[in-house]
Amino acid sequence: MTTINVALIGQGFMGRSHSNAWGQVAKFFKPPLTPVMHAVFGQAEENPQAFADNWGWQNASTDWQQLVRSPEIGLVDIVTPNYMHAPVAKAAIAAGKPVSCEKPIAGSLADAREMVEAAKAAKVKTFVWFNYRRCPAVSLAHQLVKEGKLGTVRHVRAVYLQDWADENVPLLWRFEKEWAGSGAHGDLNAHIIDMTRFVTGQEITEVTGAIAETFIKERTRPDGGGKGKVTVDDAVLFLARFSGGAVASFEAARQATGNQNRNYFEINGAKGALKFDFERMNELQYYDATLPRAVQGWSTIMCTHGGDHPYVANWWPDAHIIGYEHGFTNEAYDILRVLAGQQPTVPLPDFEDAYQTQRVLEAALVSADQRRPVSLEEVK
Ligand SMILES: NC(=O)c1ccc[n+]([C@@H]2O[C@H](COP(=O)([O-])OP(=O)(O)OC[C@H]3O[C@@H](n4cnc5c(N)ncnc54)[C@H](O)[C@@H]3O)[C@@H](O)[C@H]2O)c1
């Protein structure tokens with residue numbers, strides 16, 4: 001059996017979801033490489049040993065620099081706040097290790113560019129956890145567009161709305177530019193930019209009409225040290241053009257009351273249309289405009305049929321639905337395939353790919369700041 005030792009850097013929300021994925025993947029799939037949960041890094045006050053014991057990591061560390069250099073490690077998996085993605089990734093790449101990194105690839109475009117360049121120079125494989133690509137319904141949407149079922153794509157409408165960030169939420173790292181880079185924008189628009197690029201197979205060429213707002217300007221510091229300034233957006237909306245001629249709208253927000261995790265897109269083509277809503281993640285809505293007009297209408301596809309729908313043959317029987325965590329396990333499987341020289345089930349973003357999403361994020365911030373259209377050619 002060929003194995004690869006994984007080091008997980010971080011142990012928060014994503015630390016838990018990645019630990020679950022690395023622990024599950026070889027049980028449900030037959031990856032060509034078997035991951036060994038070798039070591040997890042956490043800050044001393046987080047008690048990394050307790051995390052390791054709970055999730056099945058063999059070792060715990062409070063020194064990520066030493067861990068990513070360790071000759072025992074075969075893959076470095078980064079689940080820290082955004083500002084740390086670049087230093088950890090660059091240290092791992094310098095040690096010759098493949099890296100899988102949470103999204104957005106970095107807090108800033110400059111950091112993202114350095115990560116891409118370092119990976120290219122060292123010729124190491126890289127991956128970014130745009131996990132929603134690996135919801136079977138989203139993978140199917142990608143396949144249907146690729147097969148030409150929608151014809152020419154004309155409209156892309158995407159929103160990622162949450163409502164958790166009211167006045168009572170303290171000044172987490174997510175609210176400070178220094179740590180996060182941006183707010184709802186990098187957190188949520190990053191996902192829907194990636195998903196719509198993935199599903200349409202097209203690149204965004206221009207961003208315009210961007211608007212950014214911070215509704216709650218200061219928050220209580222988690223350490224009790226009074227109030228601190230919020231330095232990122234709470235909401236960013238923008239319009240865009242795709243390379244194939246489609247026009248698009250994007251919306252990300254953290255105080256969109258009533259939308260707990262509404263990651264939604266709608267794509268209208270000349271021959272058909274698709275709708276996906278993560279809150280009903282097992283379903284894809286499909287409209288076939290090539291049918292006789294008398295029977296045209298939206299159909300709800302339950303994307304749980306193994307063999308026809310990506311990934312689900314390795315999970316449960318038809319309509320025994322899957323959840324949030326399965327997208328991460330599906331991604332872990334494809335990472336292991338690519339590390340072993342095989343093709344992923346559907347395209348898997350690397351640093352270069354995630355850099356294209358980061359360029360769109362940057363273009364929207366420039367558009368919002370300067371109140372003008374921004375061509376992606378300006379954003380290198
Ligand atoms: N793919 C997704 O759907 C998804 C969802 C949530 C978060 N994310 C991304 O995952 C990353 C982590 O987010 P999270 O929600 O797990 O955050 P979190 O706050 O829950 O956890 C972050 C972890 O990073 C480590 N850390 C924090 N500050 C540190 C410091 N100063 N030095 C060293 N280590 C530190 C700690 O182990 C901490 O537990 C972010 O890049 C975020 O954008 C992705």
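User: What makes helix 1 and helix 9 a packed pair, and at what angle do they pack?

Analyst: Helix 1 and helix 9 (residues 324-339) pack at an angle of about 65°, and their axes are 8 Å apart. Axes here are lines fitted to C-alpha atoms, for helices over the stretch in contact, and angles run from 0 to 180 degrees between N-to-C directions. By the way, this is a predicted model: local features need pLDDT of at least 70, side-chain atom pairs count only at pLDDT 80 or more, and totals for chains, interfaces and linings use all residues. Residues are numbered from 1 along each chain as its sequence is written.

User: Which residues make that contact?

Analyst: Helix 1 brings residues including Ser 17, Ala 21, Trp 22 and Phe 28, and helix 9 brings others, among them Phe 328, Ala 332 and Leu 336. Two residues are in contact if their C-beta atoms, placed from the backbone, lie within 7 Å. By class, the contact has 8 nonpolar, 5 polar and 2 charged residues. Ala, Val, Leu, Ile, Met, Phe, Trp, Tyr, Cys and Pro count as nonpolar, Asp, Glu, Lys and Arg as charged, and the others, Gly among them, as polar.

User: Is the crossing left-handed or right-handed?

Analyst: Right-handed. A crossing gets that name if the near helix is turned clockwise from the far one by less than a right angle, and left-handed if anticlockwise.

User: What makes something a helix or a strand here, and how many are there?

Analyst: Both are DSSP runs, numbered from the N terminus: helices are H or I with at least four residues, strands are E with at least two. On that basis the protein has 10 helices and 17 strands.

User: How do the two domains meet?

Analyst: Contacts link 39 residues of domain 1 with 39 of domain 2. On the domain 1 side, helix 1 gives the most, with 8 residues. That side has 26 nonpolar, 10 polar and 3 charged residues.

User: Why does the protein's radius of gyration agree with a compact globule?

Analyst: With 380 residues the rule predicts a value near 21 Å, and the protein has 21 Å, so the two agree. The radius is taken over C-alpha atoms, and the rule is 2.2 Å times the number of residues to the power 0.38.

User: What is the omega between Lys 103 and Pro 104?

Analyst: About -15°, and the peptide bond is cis. Most peptide bonds are trans.
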